[in-house]
Amino acid sequence: MTPARRSSGDSARPLAAGIDSSTQSTKVVVVDAGTGAIVRTGRAPHPDTTEVEPHRWWEAFTAATSGLLEGVSAIGVGGQQHGMVTLDEAGEVVRPALLWNDTRSAQAAEDLVGELGGPKAWADAVGSVPVASFTVTKLRWMAEHEPELADRVRRVLLPHDWLTWRLLGGGLPVTDRGDASGTGYFSPAQGTYRGDLLKHAFGGREPELPEVLGPAEPAGHTPDGMLVSAGTGDNMAAALALGLGEGDVVVSLGTSGTVFGVCETASADPSGVIAGFADATGRFLPLACTLNAARVLTATAAMLDTDLAGLDRLALAANPGADGLTLLPYLDGERTPNLPDAAGSLHGLRRANMTPANVARAAVEGMLCGLAAGLDAVRAEGITVRRVLLIGGAAQSAAVRSVAPTVFGVPVVVPEPAEFVALGAARQAAWALSGAGEPPVWSGPGQRELAEGDVSVGEELRERHLVLRELVHQVAPRRGEAR
Ligand SMILES: Nc1ncnc2c1ncn2[C@@H]1O[C@H](COP(=O)(O)OP(=O)(O)O)[C@@H](O)[C@H]1O
Ligand SMILES: O=C(CO)[C@@H](O)[C@H](O)COP(=O)(O)O
């Protein structure tokens, strides 16, 4: 049946919707497609686990969009990267999706890197050296641990691919080069899948993969006529919303901590620190990702028997440097550096400095120092860091805003309002709707520049972080030390 198309003529000002289906929740923005002005917003939580039944994302999407999509002409989905969604012959989910932050495939990652020529060969082939986050390692894990289930898999999708496919009401799944570049079986430089790597990883099985659409290519229409854009990964969507210029580097503090900029050439970092992703406009998005960001603050607040506002108050009451306390927050293991089995450390304790305020401060400083190391890695890729754009849930924290300029050592701005993944997905949808060669020009977000940091304190904090990191490297379980 031909869907009833909603043309932009249905109303004087067409609306576009953007979805952010990230680790902890689904967020929705509905905007004026011409200006980007926000008209409506919604959100709904996701389960707090590292394997999730994809239908739970659909439930969250349904709840978050309830009553919001009336009159919307186009919709796009930005999703958490890397998650493994497996479908059988009938399009049913074979097993719950393994998310980017599920580290069970760490050994599979090491094995794959060793089997197929080592880190440089992987970086050259797919732009990244796979760690447990990457889809290809999850497929290897499944082939080894759940071979009967693996035999049933006919298609492999990413979270945003699956949601887009559900929005379209079925048919052949699609993706975009941004999200595809996080699989470990797609070459961002060539713009093609590496079916040979997928087949090897998945024990000789050759599941079908979604077609890779161009940045503004429509994926189709929903049964009731909304245009659906290709969608992309959440970091790529945020980059599209922010319209990054020369010298702009984003630090996103969600469940993951990410550091990225946009450039014209593909990255291939054999150290594995930088993932050489593609972006959502036809360019590239070198990115460093830590496993421990916003949740370091929620976990520390819980330990101190307070809430996030209380944690802010404590951290701001402490001296810079937390009187010598250093927290290395590998609370869920770590991805960068690749220490999936490591644990966190609190170092430098003395009777005089063991206060809740110092622990709160050390948590904020420790989380940010991990991202400062990511900034150095992005610089090493040739990206100029003139200023940091601070986004993600934990960018709302007053303590984070106070400490970030010191730790990063460059000017830091906080763009407002906050939901840039959803806004980027909406911008992509508006772009696909317009049929134009370039994304719509929206007035950029309001920006607040944070007060300048203290250069010498910043240097000392980063140095302390690196020293503790070296110590932890020496005692961390050996498997994680390969890179
Ligand atoms: N004021 C705040 N201070 C510190 N953390 C915050 C604050 N507001 C939200 N967060 C944290 O931000 C996280 C959610 O951020 P978000 O970017 O939406 O994550 P994700 O995209 O991974 O789902 C949660 O862990 C939440 O506790
Ligand atoms: O794995 C990565 C990037 O490579 C993560 O950034 C995920 O894309 C999840 O993002 P958040 O939910 O933390 O925003």
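Tutor: A salt bridge here is a side-chain nitrogen of Lys or Arg within 4 Å of a carboxyl oxygen of Asp or Glu. Please keep in mind that this is a predicted model.

Student: Which residues are linked in a network of salt bridges?

Tutor: By this rule the count for the model comes to 27 salt bridges. Some of the residues involved are joined into a network, and its members are Glu 51, Arg 95, Asp 102, Arg 104 and Glu 146.

Student: In the salt bridge between Asp 279 and Arg 283, what is the relative accessible area of Asp 279?

Tutor: The two side chains, Asp 279 and Arg 283, meet with an N to O distance of 3.9 Å, which is within the 4 Å cut-off. Arg 283 counts as partly exposed, because its relative accessibility is 28%. Asp 279, in contrast, is buried, because its relative accessible area is 2%.

Student: Where in the chain is Arg 401, which meets Glu 416 in a salt bridge?

Tutor: The side chains of Glu 416 and Arg 401 come together at 3.1 Å, N to O. Glu 416 is partly exposed, with a relative accessible area of 30%, whereas Arg 401 is buried at 13%. The pair links distant parts of the chain, 15 residues apart, with Glu 416 in strand 23 (residues 412-416) and Arg 401 in helix 13 (residues 398-408).

Student: Which helices do the buried residues of helix 11 pack against?

Tutor: Helix 11 spans residues 308-317, and its buried residues are Gly 310, Leu 311, Asp 312 and Ala 315. The elements against which these buried residues pack are helix 10 (294-303), helix 12 (356-380) and helix 13.

Student: Asp 179 is buried yet has no salt bridge, so with which side chain does the side chain of Asp 179 make a polar contact?

Tutor: Asp 179 lies in helix 7 (residues 177-180), and the nearest side chain of opposite charge, Arg 335, is 10 Å away. Leaving aside neighbours within four places in sequence, the contacts of Asp 179 include Gln 81, His 82, Leu 158 and Thr 232. The polar contact made by the side chain of Asp 179, at 2.6 Å, is with the side chain of His 160.

Student: How much of the accessible area of ligand 1 does the protein cover?

Tutor: Ligand 1 is surrounded by 16 residues, the closest being Ser 22, Gln 24, Lys 27, Thr 255 and Gly 393. Oxygen atoms of ligand 1 lie 2.8 Å from a backbone N or O atom of Gln 24, 2.4 Å from an N or O atom in the side chain of Lys 27, and 2.5 Å from a polar side-chain atom of Thr 255. Of the 580 Å² of accessible area that ligand 1 has on its own, the protein covers 79%.

Note on methods:
Residues are numbered from 1 along each chain as its sequence is written. Chains are lettered from A and ligands numbered from 1 in the order in which they are written. This is a predicted model: local features need pLDDT of at least 70, side-chain atom pairs count only at pLDDT 80 or more; totals for chains, interfaces and linings use all residues. Side-chain values use heavy atoms; hydrogens and water are left out. Helices (H or I, at least four residues) and strands (E, at least two) are DSSP runs, numbered from the N terminus. Buried means under 20% relative accessible area, exposed over 50%, partly exposed in between (1.4 Å probe, protein chains only). Lys and Arg count as positive and Asp and Glu as negative; His and the chain ends are not counted. A polar contact is a pair of N or O atoms within 3.5 Å; within protein, one must be able to donate a hydrogen and the other to accept it, and residues adjacent in sequence count only if both atoms are side-chain atoms. Contact means heavy atoms within 4.5 Å. A residue is near a molecule or strand if one of its heavy atoms lies within 4 Å of it. Accessible areas come from the Shrake-Rupley method with a 1.4 Å probe; for residues, only the protein chains shown count as cover.
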